[in-house]
Amino acid sequence: MSQADIDKAVQLLDLMLEFFADDGHWTRGSYDDGKGGHCLVGALLHLGRKHRLPTAPAMPRPGLPLVHFNDTRCGSAAELRSVILKARRLAHDDAERERAAAAVRAWLLDQIRKRRSVSAAHIEEMVPERLAA
């Protein structure tokens, strides 16, 4: 996932935290209760549309598992906020892991280039000696 996608996912998760800060905005049994309340998936879709943010990076597979969690497993809006915070931390962890992987790749490529240039210089030194003999 690109850094831009991670940033958008975190932005959407932040909007969801803000939305669910008011316990009255959380509902069960429907995406939208008609009174400003949304379930987890309903809020994800609503806020994604409202702020023109893609929903896939925040929650790759919105659907029945999230609906089931919202309607039967989640005990309160506070628990829902806790899950959103965990998702936000994971997004940042992924970003950090990707940055570290990119740094390691760059370092390895640099090491390969250095070795190749040393080998090439060594070969160039050896060739004239052999030709002179």
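This is a short walk through one protein chain, from its overall layout to single residues.

The model is predicted, so local features need pLDDT of at least 70 and side-chain atom pairs count only at pLDDT 80 or more, while totals for chains, interfaces and linings use all residues. Residues are numbered from 1 along each chain as its sequence is written, and side-chain values use heavy atoms, leaving out hydrogens and water.

Start with the layout. The chain has four helices and zero strands. Read from the N terminus, the order of elements is α-α-α-α. Helices here are DSSP runs of H or I with at least four residues, strands are runs of E with at least two, and both are numbered from the N terminus.

Of the 133 residues in the chain, 29% are buried. Buried means under 20% relative accessible area, exposed means over 50%, and partly exposed lies in between (1.4 Å probe, protein chains only). The chain exposes about 9,000 Å². Carbon and sulfur atoms supply 57% of that area. Accessible areas come from the Shrake-Rupley method with a 1.4 Å probe, and for residues only the protein chains shown count as cover.

How do the parts meet? Take the contacts between residues at least 6 apart in sequence: 64% of them join residues at least 24 apart. A contact means heavy atoms within 4.5 Å.

Now follow the chain. Helix α1 covers residues 3-19. Its 17 residues should span 24 Å at 1.5 Å a residue, and its end C-alpha atoms are 24 Å apart, so the two agree. The expected span is 1.5 Å times one less than the number of residues. Which α1 residues are buried? They are Ile-6, Ala-9, Val-10, Leu-12, Leu-13, Leu-15, Met-16, Leu-17 and Phe-19. An α-helix has 3.6 residues a turn, so residues three or four places apart point the same way.

Thr-27 is buried, because its relative accessible area is 12%. Setting aside neighbours within four places in sequence, Thr-27 contacts Asp-33, Gly-37, His-38, Cys-39 and Asn-70.

In α2, the buried residues are Leu-40, Val-41, Gly-42, Ala-43, Leu-44, Leu-47 and Gly-48. Arg-52 follows α2 and belongs to the loop between α2 and α3. Arg-52 is exposed, as its relative accessible area is 78%. Its backbone deserves a look. Most residues other than glycine have a negative phi. Arg-52 is not a glycine, yet its phi is positive, about 55°.

Helix α3 covers residues 64-73 and holds Asn-70. Is Asn-70 buried or exposed? Asn-70 is buried, because its relative accessible area is 0%. Not counting residues up to four places away in sequence, Asn-70 touches Trp-26, Thr-27, Arg-28, Cys-39, Leu-40 and Leu-80. The Asn-70 side chain also makes a polar contact of 2.9 Å with the side chain of Asp-71. A polar contact is a pair of N or O atoms within 3.5 Å; within protein, one must be able to donate a hydrogen and the other to accept it, and residues adjacent in sequence count only if both atoms are side-chain atoms.

Gly-75 lies in the loop between α3 and α4. Gly-75 is exposed, since its relative accessible area is 54%. With residues up to four places away left out, Gly-75 touches Trp-26 and Arg-28.

Charged side chains come next. A salt bridge is a side-chain nitrogen of Lys or Arg within 4 Å of a carboxyl oxygen of Asp or Glu. By this rule there are two salt bridges. One joins Arg-88 and Asp-14, with the closest N and O atoms 2.3 Å apart. Arg-88 lies in helix α4 and Asp-14 in helix α1, so this pair ties together parts 74 residues apart in sequence. Arg-88 is partly exposed at 24% relative accessibility, and Asp-14 is partly exposed at 29%. Arg-81 and Asp-23 also meet in a salt bridge (2.7 Å, N to O). This pair links Arg-81 in helix α4 with Asp-23 in the loop between α1 and α2, 58 residues apart. Asp-23 is partly exposed, with a relative accessible area of 46%.

Finish on the surface. Val-104, Trp-107 and Leu-108 form a nonpolar patch with about 310 Å² of accessible area together. Trp-107 is part of helix α4, residues 77-132. Patches are made of residues with over 30% relative accessible area and no salt bridge: like charges are joined within 9 Å, and nonpolar side chains (Val, Leu, Ile, Met, Phe, Trp, Tyr) within 5 Å.
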